[in-house]
Amino acid sequence: MKRHTLKLAIAVSLSITAGTAIAADLQDRAREMFSAIPQYPPVIDGNELTEAKVELGKMLFFEPRLSASHLISCNTCHNVGMGGHDYLPVSIGHGWQKGPRNSPTVFNAVFNAAQFWDGRAADLAEQAKGPVQAGVEMSSTPERVVKTLSSMPAYVEKFGQAFPGEDDPVTFNNMAVAIEAYEATLITPDADFDKFLRGDKTALNKQEQEGLALFMDKGCVACHAGVNLGGQAYYPFGLVTKPGADILPTGDKGRFAVTSTASDEYVFRASPLRNIELTAPYFHSGAVWSLEEAVAVMGTAQLGAELNDGEVKSITAFLKTLTGKIPEVRYPELPPSTDDTPKPESMVAPQ
């Protein structure tokens with residue numbers, strides 16, 4: 001009996017040792033391809049993240065009067081209470097119009113090399129200007145935005161504090177710079193995968209580690225690497241096999257609209273995978289609601305591999321370890337409109 005117990009103890013010990021060694025090797029491989037989300041926002045070249053600027057940017061992020069209707073704010077499509085997006089296939093904008101693409105999450109967007117699915121904005125400040133002016137989104141103008149913000153003394157004071165030394169700090173560009181400063185703070189550290197990268201071998205269970213190994217061995221990492229597991233480069237959607245028109249609409253040619261280069265047809269920025277379990281539906285078309293289905297589609301379309309059910313489930317389990325600590329956000333108090341504030345435009349066209 002004692003001998004049997006001893007053999008069992010030795011077997012268990014060897015199994016634990018082997019498992020630890022495998023995890024350590026997996027950690028070493030993963031560290032060569034990925035980085036953990038930092039605890040603090042990164043430094044942005046040309047945009048110092050001062051307390052006054054971040055506070056102003058937060059107010060502007062939640063400010064619906066940046067839109068012509070006074071109904072739509074940045075948070076409408078990038079809801080910080082719902083994974084940093086809006087849980088719709090495509091966003092709804094001014095006049096209840098449907099946008100052309102799925103809304104990307106604002107969480108960790110500061111780590112992307114460029115913004116939007118086609119990368120047409122170089123940074124978050126440039127990105128912030130686009131939806132405000134787009135007729136299908138907020139349908140406003142730089143002139144209207146400046147007039148609106150200048151009409152409220154509290155905003156004039158906040159802009160002066162955020163951009164000291166400027167003769168006329170209430171500008172459309174400063175609006176965007178302040179929003180960028182706030183959005184840079186919307187990072188989600190301390191995911192289980194980050195703990196694993198930092199040395200905690202027990203942060204991922206067996207299935208999650210298998211999923212990580214498959215993610216690297218199958219080639220997913222070729223497009224989804226770095227701190228955000230994506231968001232750094234552009235690739236054809238349907239590299240091996242093009243998905244159907246429901247997932248890859250023929251009318252949206254992706255980066256081609258930016259570069260007018262034939263080779264950029266149906267090319268999109270690789271989606272960042274941080275907090276991916278919170279950001280359904282998936283792809284630029286928002287056509288797929290199941291994360292497992294999205295994994296299977298990517299296997300076929302990008303890798304030319306028919307992943308079996310076990311592989312799909314393991315990779316999906318790994319992807320769920322990318323969910324980090326969501327920042328706690330308290331809704332800001334916004335200043336009241338004045339007689340000089342432009343009145344809202346109707347969302348409904350006159351009959």
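User: If contact means heavy atoms within 4.5 Å, which residues is L56 in contact with, leaving aside its neighbours within four places in sequence?

Analyst: Before that, note that this is a predicted model, in which local features need pLDDT of at least 70 and side-chain atom pairs count only at pLDDT 80 or more, while totals for chains, interfaces and linings use all residues. Residues are numbered from 1 along each chain as its sequence is written, and side-chain values use heavy atoms, with hydrogens and water left out. With those neighbours set aside, L56 is in contact with Y155, K158, F159, A162, F163 and A178.

User: Ok, and where does L56 lie? Is L56 buried or exposed?

Analyst: L56 lies in helix 2, where helices (H or I, at least four residues) and strands (E, at least two) are DSSP runs numbered from the N terminus. L56 is buried, with a relative accessible area of 0%; buried means under 20%, exposed over 50% and partly exposed in between (1.4 Å probe, protein chains only).

User: How far apart are L56 and Y182?

Analyst: Their C-alpha atoms are separated by 7.9 Å, although L56 and Y182 are 126 residues apart along the chain.

User: At what angle do helix 2 and helix 7 cross?

Analyst: The axes of helix 2 (residues 51-61) and helix 7 (residues 172-183) cross at roughly 100° and come within 7 Å of each other. That makes helix 2 roughly perpendicular to helix 7, a label for angles of 65 to 115 degrees, whereas under 35 counts as roughly parallel, over 145 as roughly antiparallel and the rest as oblique. The axes are lines fitted to C-alpha atoms over the stretch in contact, and angles run from 0 to 180 degrees between N-to-C directions.

User: Which residues make that contact?

Analyst: Helix 2 contributes K53, V54, L56, G57, K58, L60 and F61, and helix 7 contributes M175, V177, A178, I179, A181, Y182 and E183.

User: Zooming out, how many helices and strands are there in the chain?

Analyst: The protein chain has twelve helices and two strands, and along the sequence they follow the pattern α-α-α-α-α-α-α-α-α-β-α-β-α-α. Taken along the principal axes, its C-alpha atoms fill a box of roughly 90 × 45 × 35 Å. Of its 351 residues, 48% count as buried, and among contacts with a separation of 6 or more, 73% are between residues 24 or more positions apart.

User: Which residues touch the most other members in the largest nonpolar core?

Analyst: They are F34, F193, L212, F215 and L319, in a core of 39 residues; a nonpolar core is a set of buried Ala, Val, Leu, Ile, Met, Phe, Trp, Tyr and Cys residues joined through side-chain atoms within 4.5 Å. The elements that give two or more residues to this core are helix 1 (2-33), helix 8 (192-197), helix 9 (206-217), helix 11 (291-303) and helix 12 (309-320). A second, separate core has 34 residues, including F61, F62, V106 and Y182.

User: What does L212 touch?

Analyst: Not counting residues up to four places away in sequence, L212 touches L26, A30, F34, F193, F196, L204 and F318.

User: New topic: what about the backbone, say the phi of F116?

Analyst: Most residues other than glycine have a negative phi, and most peptide bonds are trans. F116, which is not a glycine, has a positive phi of about 75°, and this residue lies in the loop between helix 3 (74-77) and helix 4 (124-133). S260 also has a positive phi, near 55°, and is found in the loop between helix 10 (256-259) and strand 2.

User: Are F116 and S260 buried or exposed?

Analyst: F116 is buried, with a relative accessible area of 15%, whereas S260 is exposed, at 58%.

User: Which residues does a cis peptide bond join?

Analyst: A cis peptide bond joins A280 and P281, with omega about 0°, and P281 lies in the loop between strand 2 (267-269) and helix 11.

User: Last one: where is R101, and what is R101 in contact with?

Analyst: R101 sits in the loop between helix 3 and helix 4 and is buried, with a relative accessible area of 15%. Apart from neighbours within four places in sequence, R101 is in contact with P89, V90, S91, W117, D118, R120, D252, G254, F268 and H284.

Note on methods
Contact = heavy atoms within 4.5 Å.
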